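Here are my notes, in the order I'd go through them with the model open. Could you read them alongside the coordinates?

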Amino acid sequence: MKITWLGAAAIRIEAAGERLLFDPFVQLLGGENPNCLEDFMDDELIFITHGHLDHLMEVPELLEGEEGEPRGDATVYCGSVAASTLDDMLEDAGRVVEVKPGDCIRIGEVSVKVWEGRHARPGRTAVKTLLSPRIARYWRNALSLAWLNRRFPEGGQTLLYEIRAEGKTVLLMGSMGLMPETPYPEGADLLILPFQGCSDPTGEALRIVERLRPRRVLLDHFDDAFPPVSRSVNTKSFKKRMDERFPRIRVAKPAAGKAVEL
């Protein structure tokens with residue numbers, strides 16, 4: 001099984017002859033890991049964790065061209081909120097498949113189970129963003145993001161995906177939050193953990209690891225993908241705390257575009 005981080009929360013998983021793409025996003029001007037839409041055009045199975053713009057915004061263009069003509073062969077799996085957003089934007093939403101917690105999608109020898117997640121709570125990070133001097137530097141981005149944010153709501157619906165293939169289990173989170181009473185599977189071979197979106201990412205990540213007890217952790221969404229709203233998050237404190245508390249659980253901070261083997 002190969003896992004490739006493509007910047008922000010975009011992840012490609014290749015297993016059992018299938019390619020699964022999660023949360024594609026083309027970084028804005030000044031983004032830390034520049035990419036383009038063509039990086040995602042060959043992916044035919046796209047899974048969306050929630051409806052925020054940095055997870056969903058590219059999907060309309062991946063499915064349709066400028067005139068609303070079909071484009072590519074992708075099928076998109078997402079929750080009802082994201083599906084409603086896409087329905088408003090697409091001429092034909094026939095390739096959008098609405099999923100809900102408890103569903104299991106079979107794709108060849110790969111299974112993808114849907115779990116209910118929860119979005120991270122930004123806390124003081126939102127205030128810091130508004131007061132940041134980077135607002136002036138990236139004011140065009142800021143204006144675009146302010147307009148787009150209203151068009152791409154999360155709507156209280158974030159999903160978590162459990163991918164099983166080749167005898168391995170991967171848990172992929174779309175945001176740093178879990179539902180309090182949900183009996184998530186423990187001991188996954190890999191937890192893909194977004195490391196951004198709350199005021200104490202190290203503390204929240206440690207609580208998630210304590211609950212899920214994965215064998216390995218792969219961080220994503222830690223980069224400055226859409227300045228000035230995003231930022232590059234220092235992960236050293238988390239890795240140090242992990243070495244102290246969970247020395248058997250390996251933590252990887254990937255390089256964008258470089259596949260890792262599981």
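1. Start with Asp-23, which sits in the loop between β3 and β4 (helices, H or I of at least four residues, and strands, E of at least two, are DSSP runs numbered from the N terminus). Its phi is positive, about 50°, although Asp-23 is not a glycine. Asp-23 is also buried, at 1% relative accessible area (buried is under 20%, exposed over 50%, partly exposed in between, with a 1.4 Å probe and protein chains only). Bear in mind that this is a predicted model, where local features need pLDDT of at least 70, side-chain atom pairs count only at pLDDT 80 or more, and totals for chains, interfaces and linings use all residues. Residues are numbered from 1 along each chain as its sequence is written, and side-chain values use heavy atoms, with hydrogens and water left out.

2. Ala-16 has a positive phi of about 50° as well, and is not a glycine either. You'll find Ala-16 in the loop between β2 (11-15) and β3 (18-22). At 27% relative accessibility, Ala-16 is partly exposed.

3. Next, Ile-48, in the loop between β4 (45-47) and α1. Ile-48 is buried, with a relative accessible area of 0%. Leaving aside neighbours within four places in sequence, its contacts (heavy atoms within 4.5 Å) include Asp-23, Pro-24, His-55, Tyr-77 and Tyr-161. Val-26, 22 residues apart from Ile-48 in sequence, is 15 Å from it in space, C-alpha to C-alpha.

4. On to the cores, each a set of buried Ala, Val, Leu, Ile, Met, Phe, Trp, Tyr and Cys residues joined through side-chain atoms within 4.5 Å. The largest nonpolar core has 54 residues, and Phe-47, Leu-193 and Phe-238 have the most contacts inside it. A second, separate core of 30 residues includes Phe-25, Leu-62, Cys-78 and Leu-148. Back at Leu-193, the residues it touches, not counting those up to four places away in sequence, include Met-173, Ile-208, Val-217, Leu-218 and Phe-238.

5. Helix α6 (residues 139-151) has 13 residues and spans 19 Å from first C-alpha to last, close to the 18 Å expected at 1.5 Å a residue (that is, 1.5 Å times one less than the number of residues). Asn-141, Ala-142, Leu-145 and Leu-148 of α6 are buried, and α1 (53-56) is included in what covers them.

6. How many cavities of 30 Å³ or more does a search of the whole structure find? There is one, and about 50 Å³ of space lies in the largest cavity. (A cavity is a set of points on a 1 Å grid over the protein atoms alone where a 1.4 Å probe fits but cannot get out, and lining residues have an atom within 4 Å of a point; points are joined across faces, edges and corners, and the volume is the space filled by probe spheres set on them.) β12 (216-220) gives the largest share of the lining, three residues, and the lining includes Leu-190, Arg-216, Ala-252 and Glu-261.

7. Two loop details to finish. Pro-227 and Pro-228 are joined by a cis peptide bond, with omega about 10°, and Pro-228 is in the loop between β12 and α8 (236-245). Thr-182, in the loop between β10 (168-173) and β11 (190-194), is buried at 16% relative accessible area.

Key:
On a 1 Å grid over the protein atoms alone, a cavity is a set of points where a 1.4 Å probe fits but cannot get out, and a pocket is an open set with protein on both sides within 12 Å along at least five of seven lines; lining residues have an atom within 4 Å of a point.
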